[in-house]
Amino acid sequence: MTTFWVLAPIMVIAAMGLILARKAVHAALCLAVVMISLAVLYAVQDAPFLFAVQIIVYTGAIMMLFLFVLMLVGVDRSDSLVESIKGQRLAAAVVGILFAVTLSIGVGQVVVSSTIGLDQANADGNVEGLAALLFTRYVIAFEFTAALMITAVLGAMVLAHRERLVTPRSQTDLQKQRMRDYAEQGRHPGNPPTPGVFALHNAVDTPALLPDGTTAEESVPESLRQRGQERQGLDDSAVQDRLREIGPDEDEEDADR
Amino acid sequence: MIPAAQLDYWVLSPLFVVAGFAVLGLILEAALGRRYRFVVQTIATAIGLVAALVVSVLVYGDLRTPEEAGHVARGAVEAEGAVTVDGPGVITWIMLLVFALLSLGLFAERRFEAGMSPFTGRAADIPGSDEESQAVQHRLEHTEVFPLMLFALSGMMLFATANDLITMFVALEVLSLPLYVLCALSRRRRLISQEAAMKYFLLGAFSSVFFLYGAALAYGYSGSLNLTIIDEAVSARADSGGLLLVAMAMIAVGLLFKIGAVPFHAWTPDVYQGAPTPVTGFMAAATKAAAFIALMRVFFVAFGGASWDWRPTFWVVAVITMVFGSVVAIAQTDVKRMLAYSSIAHAGFLLVGFSAAYVGIANEAVLTSVSSVLFYLVVYGVATIGAFAVVSVVRDSAGETTHLAKWTGLGQRSPWLAGTFALFMLSFAGIPLTAGFIGKWGVFAAAWAGGTWPLVVIGVLASALAAYFYVRVIVLMFFTEPVGDGPTVAAPGVLTTVVIALAAIVTVVLGVLPGPLLDIVQHAGAFVR
Amino acid sequence: MMLTVLAVTPIIGALLVACWPGASGNPRLVKVLALAVSLITLVLAIVVAAQFDAAEGGYQFVEQREWIPAIGAHYALGLNGIGLTLVMLTTILSPIVILAAWGDRLPNPARTHTYFAWMLALEGLAIGVFAATDVFLFYLLFEATLVPLYFLIGAHGGVGRSYAAVKFLIYNLVGGLLMLASIVGLYALTTRAGESSFLHSELIGLDISAGTEKLLFLGFFIAFAVKAPMWPLHTWLPDAAASSTPSTAVLMVSIVDKIGTFAMIRWCLEIFPGASQWASPVVMVLAVISILYGALLAIGQDDIRRLIAFTSVSHFGFIVLGIFAFTTLSTSGATLYMFNHGLSTAVLFLVTGMLIARRGSASISEFGGVQKIAPVLAGILLIGGLSSLSLPGLAPFISEFMVLAGTFTVSIPLAVIAAFGIILAAVYILLMYKRTMTGPLRPGLDGIRELDGREFTALAPAVVLIIALGFVPGPLLSVINPSVEPVIAQVGAEDPVPPHPVDAASEGAHE
Amino acid sequence: MLELSWLLIAIPLAGAALLLVWGKGADRFGHLIATAASAAAFVLGLIMFVELIGRGADDRSVTTSLGTWFEAGRFHVEFAFTFDQLSSLFVLLITGVGTLIHVYSIGYMAHDARRRRFFAYLNLFVAAMLTLVLAADYLVLFLGWEGVGLASFLLIGFWQHKETAAAAANKAFIMNRVGDLGMVIALMTMFATFGTTSIAAVNGAIDSASGSTATALGLLLLVGACGKSAQVPLQAWLLDAMEGPTPVSALIHAATMVTAGVYLVVRSAGIYDASEIARTVVVIVGLVTLLVGAWIGCAKDDIKKVLAGSTMSQIGYMMLAAGLGPAGYAFAIFHLLTHGFFKANMFLGAGSVMHAMDDDVDMRHYGALRRAMPITFVTFGLGYLAIIGFPGMSGFFSKDKIIEAALGYNTWIGLAAMIGAGVTAFYMTRLMMMTFFGEKRWRDEVHPHESPSVMTIPLIVLAAASVLGGALYLGGWITDWLEPIAGHAEHPHLPVPVIVVQLGVMAVVALGVAAGVWLYRRDVPDRAAADADVSIVTRAGRHEIYTNEVNGALVVLPVRYLTRLLVWLDARGIDGTVTGTADRIGEASQQLRRTQTGYVRSYALGIFGGALLVVLGLLAVTLA
Amino acid sequence: MTEYITLSFLLFTIGAVGVLVRRNAIVVFMCVELMLNATNLAFVSFARQHGNLDGQTAAFFVMVVAAAEVVIGLAIIVSIYRTRRSTSVDEANLLKA
């Protein structure tokens, strides 16, 4: 009983954390707390097998999956605190409270019959007992969990797997291509210029300045450019002055950007 | 030592045939080259369905008759008490298999998308991206839809015959998960397809937890998950049984969600609209059928002893569902959404038949709640698949044109297609000489016999309301001059044509000569306890 | 088999007309084919009538076959005198209507064949309705008649057709569905009583508790009151009549609406005698309201077709009044009224339809002085109008008098108030006649032609019948009376004995 | 022969049908066929009449049945006709006068393109009128009753291109329908009380029924009679009916149809004998109409309307007589017959005048026509003498008898009837003076001329009848003849000797004539004096004592407004409820549609809330 | 016993409320998982009360099912994220009314 009274508040608080935490990761951690506590409660209630499964499958596998996905979509995203649907929170709270109260009143008064306990059922061992049920009474359900698993795999494949349609080019191919480009279009075969050589900034998101004062776009990594995260160092007055000295030609080029 | 489970594989074989062919499909998926997959998968699925159908019919013939079984029902509890192979159950199997066969015709139709299936070529691609067009160029097709459909079907079949709540829950998930995936696979309008999948998934998961929690409480009440044993506990109860009531309520929520009853209906329009049309048809017909039989099984078998406790609540739900579905459908401008609301309204009519809980008179072949609902599900399902098949044919360059405004003048452009659609609409509306009429007749007859004539009166008024929007579609198709270009009707492929024709024929035949089928559903008897 | 053949002939005809190769491109062929089918049906109906033994009464040409054993529905047909009267009306009017419809200008001339096909289909279904002796079959056909009419109005009507069609359908559907609820109730009752059955003969003896009976009666009655149509459930009719072609209007008002009053006799009175007695005061009051209300509204109409529609509301009031007075005289009169009203309304709708087609407008105020250039048209309109106002010597007078006199023996106030309808009838008909036909010819009407041969041929039979039946209604009444008497007996009513009967000797002096 | 009464009807009916169906082909000779039909009917009637005279007094009622008209339940109507003393007189009047008018019309309508149709209608009328008088059953009588109404409608509105004619026709028909309502209710009462509508049976059994039934029947039939005979308060249509061609006015609206009400009362003698109240009301109606008609006759300038007012007035006399019971029935019929002669005569004369005056009906445009149209003048003059009751003329006998009977009934009523005679003399003199005497007032382009002989011959015949009609009373023949039907009439007990009464009447008449001559001896203005310039009495007379206005205010306007109200209510109220419901549902649909927000979380809230409700519902059902 | 069930109710309700108020699809889904866990707690507790192992078996099945569900669910969420660059459930509302 002590275990229960220790864990129950923790679980409730952790569950509330699931609702209240702004960051998804925190919510996930809260859930993990609940799950582990739950595992303990299983153990207390003569369910050692479930205790193990809860830890291994739930906390170990399922929660990890959640975390993977969270990382995939951006760990540091946090929900905005403003509720966008009018009255949703209030309604949720009211319904929730009413629901809990109704359930407690409706059910609470009834659950008074004495607890039989699992000593007899677990006489041959908890796992054996479960297995006996699993392979007799619930064998059909058990067999159909196979279908469930297959579906899960298949579904994940269908939704997330991208069949490769063109063979990826090898290093050799790339090298050949590069030389060909140089031969035909005169593109520089070597590495692009390194970024961050500008006096005031020294970072990968700052494009290198060419001797004529213009920036070398290709010096910033492709991915940053696509996200539009490269720093526009050109607003610095020194650069502006320099640009003015150089003349109209470069201005035009500037405008092109 | 654990004794081996006593399984009568023969009576359970339809389940295993379907599931087995699903697995086979998976193997084929891995083994075959891309060029052959689609055709082979289609054929394999068809063979599996037909085989299961044949086996089901044979199993039905083998069921113990009521005389042999010693009670009013036909059949017996099998598989260690987990599955009930009884009259209504096997008929549901047959019904589901027929729905699946019809839907398969739509799944496999490759005429509309330049020789490609109605499903997206590669679900993982971002809509509108280069990859997607590349996938189209390479003529990619997700042939996994066939095994997925078979898995869903196996889940439905198990769902309808499960005799314990855990098996039922597993079946519920087996039927739901493939559908979630299928919903996301529309070739056109990927965004809403994915949205539909997500909504369906989140809400489906949410509601299934309610079912599960109800099961837990029922277990808490009776100490067993087996419907038969729960029934014993319920029948023997002395107290008011708050635990039982809450258990029933929560289980009802889960099942009503699948049926699409108000206020658990909200997913229906969105998902029906977003999902690929063949999937919508399959889902609308089959899921509803399976879930309804499961609902009836749970409430008649496990909670039959408490029927006066749950009936009033279901009456209210039935009324709200009928009225809400019919009323909101009026304002719809999208065919698929309209059909979705119509399916909500039909759920209401079905609930009328169900909530009367009329079990009939001993040794008399009369329309009971079970038999009338079975009949209704057949006619509704067939017409639904037919209607969605028609929807899949009415297209313009951007795919299906589901906006009703685009349907104006369809009757003049292609009278046969519009005529069949009108036929389905009339059947939905319950106009005599269509199957829908006999269906409505049946549930109302059962309801009246069960003593709930006010529900019948409300029901008929609601069907008048419903008739309004069905008729509106007919007006649109036949009496309104087409605006601008009007719909382009793609020449339907053989498969779709066959599906539409079959559905139309069944709708008419069951409207004029419903005798044989009525006979069958009446003799299916009650659920085995 | 005879009745099946009779009912199926037009339906097969309809399929023929609809599917005849090249039908859509050859309206002439379609018309001839449709007319031929309707004439064949008429011949068959005459054969049936000739074989009908009027003296015997009861149901004849009975056919009965199990249809849906699962719910106890039978394919059961049979005609009694009342049914025969209406079948004759249907078969007589159909060729007239089809011939009159030859010149109809349809919104989509390419679909002429469906127009005629639907008409024939409607004829077949109506015959089925009048012959059905199984309430389930009856209901099916009753509702099925909505479909052809719906398409006739909605696809082939005039301005506002789509609205009118939907209104028509929904109104009738609501009524029909309420009846469905009652039929479901009957099913539950018969099931409980043993074998479920919908046969008229079985339902007549059904033991129903008073409360249930009233409930079931209401379901039936409302359906029929919508169909008939009775105040205040009438508002679909003017819209539907104004938006349909004249032929459709005739089929609707003269035939299909009769199903309502016909069914009141066959199903309400016979199956629910107690409830009919219970409801009769209210129904009679509603009927009287219908009579006066319809007449007053007819006076206020400017659209000729709406006017005729409202006159029909008034006339249906008479019919219902006669039915629910429960006297042999009034109920026979009501039955005869159905036939006569069918004829007179047909003449009115068709001849005004021809007039409207010539002018392109249905507004009374756009006519005037037509008599001068089209005297035959005017004459036929006048005869139709006079029959509508129940001029003695024309058929409707007899039936109207029978209804009134029968009602008078039951309720003097209602009969007297209803009798005011005869004044109002004169007002609405004569005002309409005056405004359209007399006075100086209005400008713009110069082009109006006299009736041509086809139109005259279509109208003449109806006119002749109206006049002939005004003097010699005997043949019809001899068929109707023996069938009405059992109905009155079934309701448990007896004709009131006059307080001072003229003794037999004096009565005998007449004969 | 006497069983052939149906043939009397059939001949003109066949004529009518033939003319209508034959169509244009019969245009050239249609009028001859119609006249021949009418004449044939007259000849047949005459033969039958002679045969009837030859029979014994008890054997003079012959009923023939053509078979059952219709029957159901207890109800049974024979299509039967009775040829008896009363109907035989009517047959002769109708066919005789009718034939003359047919002949006259040949000339009068010679230039009308639709003459064939006119004759068809005339024949139709004759047939219907014969049905009316020959009917052995009230319902058959009603058939004729409405038939003459129809013929009247068709003939009043014969010149349909005139709005006024069409309106007058409608007015006549609709006002008659009000009377018909009374008839129909009377018929229903008969059926409900006696189980039959046979005239003989009802009148024979009336004594077994309560007095109130007899009163009710009497009053209801009177309503019918008032409508048909243009008695107050249903008199207003008659003056408008003068829109019809003049022969029509002569035949229908003077000689025959309008007297049908009197016939009905006399025919229903049994009923009226059984009810004092009903008879009293008949007397009052007759008296009032008598005076009102005379009043209107004094004020009108339209020759036909003067005659129409006179007709009302004279029928008032007949009604008055009929209301006196057995004392007056025979005299009512007597006056009816003589009136038929002289009024037809005068109408036809008026027609002749109009014919000469280019269809001008305003007497102020006449004057001094006696020289231009001598035959018309003479015949008209004889009619004039007859109507004012110049001694020896037919009117003298018939009217005098009525006044005597009225005096015997009630002194004041008798006196009123006497005054009426004086007024009659006045307005008829006025008419004569304005038309035939004084200076000519017609316009120059009008060239009055005598009518062709086809028109004058009927005039002469009728004039002769007007003069000699009194012969019917020779030896009290007519009272004796009608006694089996009208009952035995005691000689009235007069306060003064009969001769005094006769002299008194003559004095009053002379006074009226003198006043007329004196007032109209000089020229009258050829334009009407404005209403403001004439006395209120004249003004009222010109406006038909405002009955049209009263009808309008009491009936037409309320009905019109009621109709408008109902049309509005139907659209807004009843249909409004329906369409409103539909609209509400549509709105509800739009509103409920918004619950589908597209937000998964809203849907989830729905599910969660729904779950709560289902739980609460189940708990409530069980625990409550 | 009652306290276990009450705790289970509480967790279930909190989970349900979480589904209603959280916008991140993944968190919403985690809330569903919380509800499943609450259910499991009820199963296990009832199993002890009734002295049979059916409840524990049920809980086991629930875990298996949950695992499969998570796979599918996350796959759907990821595929939506790829398209929309967002996991907010509120932003997916093209389908409505």
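A residue is buried if 20 or more other C-beta atoms lie within 10 Å of its own.

**View 1. Chain C as a whole.** This is a predicted model. Under that cut-off, buried residues make up 68% of the 511 residues in chain C. The chain is built from 21 helices and 2 strands. Its radius of gyration is 22 Å, close to the 24 Å that the globule rule gives for 511 residues, so chain C is as compact as a globular protein of that length. Along the principal axes, the C-alpha atoms of chain C fill a box of roughly 70 × 60 × 40 Å.

**View 2. C:Ala419 and its surroundings.** C:Ala419 sits in helix H18 (residues 412-437) of chain C. It has 24 C-beta neighbours inside 10 Å and therefore counts as buried. Which residues does C:Ala419 contact, leaving aside its neighbours within four places in sequence? One is C:Leu404, from chain C. The others are D:Leu181, D:Val184 and D:Ile185, from chain D. C:Ile291 is 128 residues away from C:Ala419 along the chain, yet their C-alpha atoms are separated by 9.1 Å.

**View 3. Helix H18 of chain B against helix H7 of chain C.** The crossing of H18(B) past H7(C) is right-handed. On the chain B helix, the contact residues are B:Trp441, B:Phe444, B:Ala445, B:Trp448 and B:Ala449. Facing them in H7(C) are C:Ala181, C:Val184, C:Gly185, C:Tyr187, C:Ala188 and C:Thr191. By class, this contact has 9 nonpolar residues, 2 polar and no charged.

**View 4. Chain E where it touches chain A.** Here 60 residues of chain E are in contact with 67 residues of chain A. On the chain E side, the elements that give two or more residues are helix H1 (2-21), helix H2 (25-50) and helix H3 (54-84). Which element gives the largest share of that side? H3(E) does, with 22 residues. Sorted by class, the side of chain E that touches chain A has 38 nonpolar, 15 polar and 7 charged residues.

Key
Residues are numbered from 1 along each chain as its sequence is written. Chains are lettered from A and ligands numbered from 1 in the order in which they are written. This is a predicted model: local features need pLDDT of at least 70, side-chain atom pairs count only at pLDDT 80 or more; totals for chains, interfaces and linings use all residues. Two residues are in contact if their C-beta atoms, placed from the backbone, lie within 7 Å. Helices (H or I, at least four residues) and strands (E, at least two) are DSSP runs, numbered from the N terminus. Ala, Val, Leu, Ile, Met, Phe, Trp, Tyr, Cys and Pro count as nonpolar, Asp, Glu, Lys and Arg as charged, and the others, Gly among them, as polar. A crossing is left-handed if the near helix is turned anticlockwise from the far one by less than a right angle, and right-handed if clockwise. The radius of gyration is taken over C-alpha atoms; the globule rule is 2.2 Å times the number of residues to the power 0.38. A residue is buried if 20 or more other C-beta atoms lie within 10 Å of its own, exposed if 12 or fewer, and partly exposed in between; C-beta atoms are placed from the backbone.
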